[in-house]
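The sequence and structure are shown first.

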Amino acid sequence: MLLRDLCQISSGFTARGRLQAVSTGGLLAVQLRDVEVGRDLDAGSLARYQLDDIPDRYLIRGGEVLFRSRGDHNTAAFVDGPLREAAVVVLPLVILRPHTGMILPEYLAWAINQPKAQRHLDAEAQGTNIRMIPKAVLERINIPLPDLKAQSRTVAIYQLARREGALLRNLADRREQLAGLILNGQATLARKKGLQQ
């Protein structure tokens with residue numbers, strides 16, 4: 001099914017000039033740098049900016065999907081919720097609001113990040129210096145749509161696979177550190193023996 005039939009798609013807020021960070025007041029804002037490739041949005045790390053009178057269509061509260069429409073990586077990230085407070089989404093991010101009962105937001109983000117959808121985006125990308133995915137291209141991504149139960153299983157398996165990958169990387173790092181400690185210890189012993197002879 002085409003993406004445009006599964007969710008409401010809207011552009012992020014167009015900021016006039018550079019955003020001014022503030023320590024109090026203002027609103028939380030999600031910018032391109034906040035949406036990391038291959039990760040869900042970490043709303044706890046968002047900064048506050050002096051923004052006033054932002055229309056509701058630019059605000060997220062959790063349960064949405066954010067799409068990176070510019071740059072080398074045009075991937076999607078799930079916004080877990082509910083957020084402690086609404087956050088403004090700033091262009092070039094695009095907000096996808098999945099139709100409840102049709103598609104899970106976690107599944108939608110996963111589907112957009114799959115190789116088939118990414119090949120579609122690669123083939124349709126525009127721009128020479130800065131890669132850009134127009135809204136019309138995004139709308140035409142074909143998303144496989146199993147029932148909600150199968151979507152939930154897919155997301156659960158994907159999350160387990162991601163967790164396993166993180167644990168294996170951590171294990172490899174610790175093995176490397178342990179090997180380094182052992183080799184340094186052996187080198188120290190060999191040097192001491194050489195000095196004693």
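A crossing of two helices is left-handed if the near helix is turned anticlockwise from the far one by less than a right angle, and right-handed if clockwise.

## Model and confidence

This is a predicted model, in which local features need pLDDT of at least 70 and side-chain atom pairs count only at pLDDT 80 or more, while totals for chains, interfaces and linings use all residues. Residues are numbered from 1 along each chain as its sequence is written, and side-chain values use heavy atoms, without hydrogens and water.

The chain has a mean pLDDT (the predictor's confidence in each residue, from 0 to 100) of 89, with 99% of residues at 70 or more. Helices (H or I, at least four residues) and strands (E, at least two) are DSSP runs, numbered from the N terminus.

## The sheet

An open antiparallel sheet is built from four strands in the order β1-β8-β5-β6; strands pair if DSSP finds at least two bridges between them. Its edges are β1 (7-11) and β6 (76-78). Strand β5 (residues 65-68) is joined to β8 (residues 93-98) by four bridges, and Arg-68 has Leu-93 as its bridge partner in β8.

## Helix packing

Helices α1 and α4 pack at about 65 degrees, their axes 9 Å apart; axes are lines fitted to C-alpha atoms, for helices over the stretch in contact, and angles run from 0 to 180 degrees between N-to-C directions. Their crossing is left-handed.

In the contact (heavy atoms within 4.5 Å), Glu-106, Tyr-107 and Trp-110 of α1 meet Gln-151, Thr-154, Val-155 and Tyr-158 of α4.
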